Amino acid sequence: MPTLIRSKLAALTLVTAASLTLSACGGSTTDTSGSASKGSFDNSPDQKRYAAPKVASIAAEVPAAIRARGTLEVGNSKGGFAPLTFFATDNKSLIGVEPDIAHAIASVLGLKVHYNPVSFEQIFVGLDSGKYDVGVSNITVSELRKQKYDMATYRKDEQAFEAKKGTPWQVTGPKDVAGKTIAVPSGTSEEKILVDWSAQNVKAGRKPVNVKYYQDNSAVYLALQSGQIDAYLHPNPESQYHARTSGQTQVVGVISGAGEHLQGLISAATKKDNGLGKALNDAINELIKKGIYGKILARWGLSDEAVSTSQLNPPGLPIDNK
């Protein structure tokens, strides 16, 4: 998610992005909801989130001011982007894979997590000012962002083509979308990938893609069911969740959000050189090692987006995508 690069947490509400919700973390807990089965997610306010015991050596890496405060101030999106960050059935409790990841990270650091739901761009304003310690909101690693932030990865950045249920068509590359009508949110990396694929098709003598834009997801899905469009290209988590819960669509192809030549990665972002980056990186790797990370992703049907290890500031989306 950078320059043109996405976040549906900033365009098309993952199409806008981003009150205070407080959640305490403690020792090990178990999530009674278990893994997400087809069409089944626990959207109640009583999440019983996974946590891990505090690891003293990792907690000691946290800057002294944050340790003294005792809370991890997390900037995250305002909700509406299931299963990333959205409101529970009580319409006020923040739930989803991103709040779960933030909660688990804080538990390793021996801190309570304090969520700050704001619009996506305000997360970075808060990081810059020191109001928030970390942003956990589907933030893609990019070279531009790395100039200002330390980024500890915890999930693959994947985009999906969502089509009407029963569609036999599969998408693996540009030739598969030649001549197709596909919806995409404006100003995002998905749009850039689709426009690039269309140009490749034209250069190869194939038909271009008919790119369509809609004001909201409801309009997109109406167009999909009525046959006005062939597919909707948007973040994989949203696509998978909608397909499972609606029973009307299916995912017919998944691609990297960074394009053909780089695997995009989602990260926990903190102000550069503030001392928190390594602690976040080590905490995520502790969650991976303990198996808690895998349980969180399975809970929201996102096991396919798991990373084997968290990296601190790995290669990200090139500046201007060059």
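This note goes through a predicted model of one chain, from the whole down to single residues.

1. Basis. Residues are numbered from 1 along each chain as its sequence is written, and side-chain values use heavy atoms, with hydrogens and water left out. Because this is a predicted model, local features need a pLDDT of at least 70 and side-chain atom pairs count only at pLDDT 80 or more, while totals for chains, interfaces and linings use all residues.

2. Confidence. The average pLDDT (the predictor's confidence in each residue, from 0 to 100) is 88 for the chain, and 87% of the residues score at least 70. Residues 1-34 have a pLDDT below 50, and in the model this stretch has 142 contacts beyond near neighbours in sequence. A contact here means heavy atoms within 4.5 Å.

3. Overall make-up. The chain has 10 helices and 12 strands. These are DSSP runs numbered from the N terminus: helices are H or I with at least four residues, strands are E with at least two. Of the 322 residues, 56% count as buried, where buried means under 20% relative accessible area, exposed over 50%, and partly exposed in between (1.4 Å probe, protein chains only). The chain exposes about 12800 Å², of which carbon and sulfur atoms supply 52%; the areas come from the Shrake-Rupley method with a 1.4 Å probe, and for residues only the protein chains shown count as cover.

4. Helix H6. This helix covers residues 189-203, and its 15 residues reach 21 Å from the first C-alpha to the last, close to the 21 Å expected at 1.5 Å a residue. The expected span is 1.5 Å times one less than the number of residues. Its buried residues include Ile193, Leu194, Trp197 and Ser198. What do the buried residues of H6 pack against? They pack against E7, E8, E9 (210-212), E10 (231-235) and E11. After H6 comes Gly205, with a positive phi near 85°.

5. Gly173. This residue lies in the loop between strand E7 (149-164) and strand E8 (181-183). Gly173 counts as buried because its relative accessibility is 9%. Gly173 and Trp197 are 24 residues apart in sequence, and their C-alpha atoms are 7.9 Å apart in space; Trp197 is one of the buried residues of H6.

6. Thr181. Strand E8 holds Thr181. Is Thr181 buried or exposed? Thr181 is buried, because its relative accessible area is 14%. Its side chain makes a polar contact with the side chain of Asn210 at 3.3 Å. A polar contact is a pair of N or O atoms within 3.5 Å; within protein, one must be able to donate a hydrogen and the other to accept it, and residues adjacent in sequence count only if both atoms are side-chain atoms. Leaving aside neighbours within four places in sequence, Thr181 also has Lys212, Gln228 and Ala231 among its contacts.

7. Ser256. Strand E11 (residues 249-256) contains Ser256, which counts as buried because its relative accessibility is 11%. The side chain of Ser256 reaches the backbone oxygen of Leu262 at 2.7 Å. Not counting residues up to four places away in sequence, Ser256 touches residues including Asp157, Glu158 and Ile193. Of these, Ile193 is a buried residue of H6.

8. Helix H10. Residues 292-299 form a mostly covered helix, with 6 of its 8 residues buried. Among them are Ile292, Tyr293, Ile296 and Leu297. The cover over the buried residues includes helix H3 (97-108), E7 and helix H9 (277-290). Just after H10, Gly301 takes a positive phi of about 70°.
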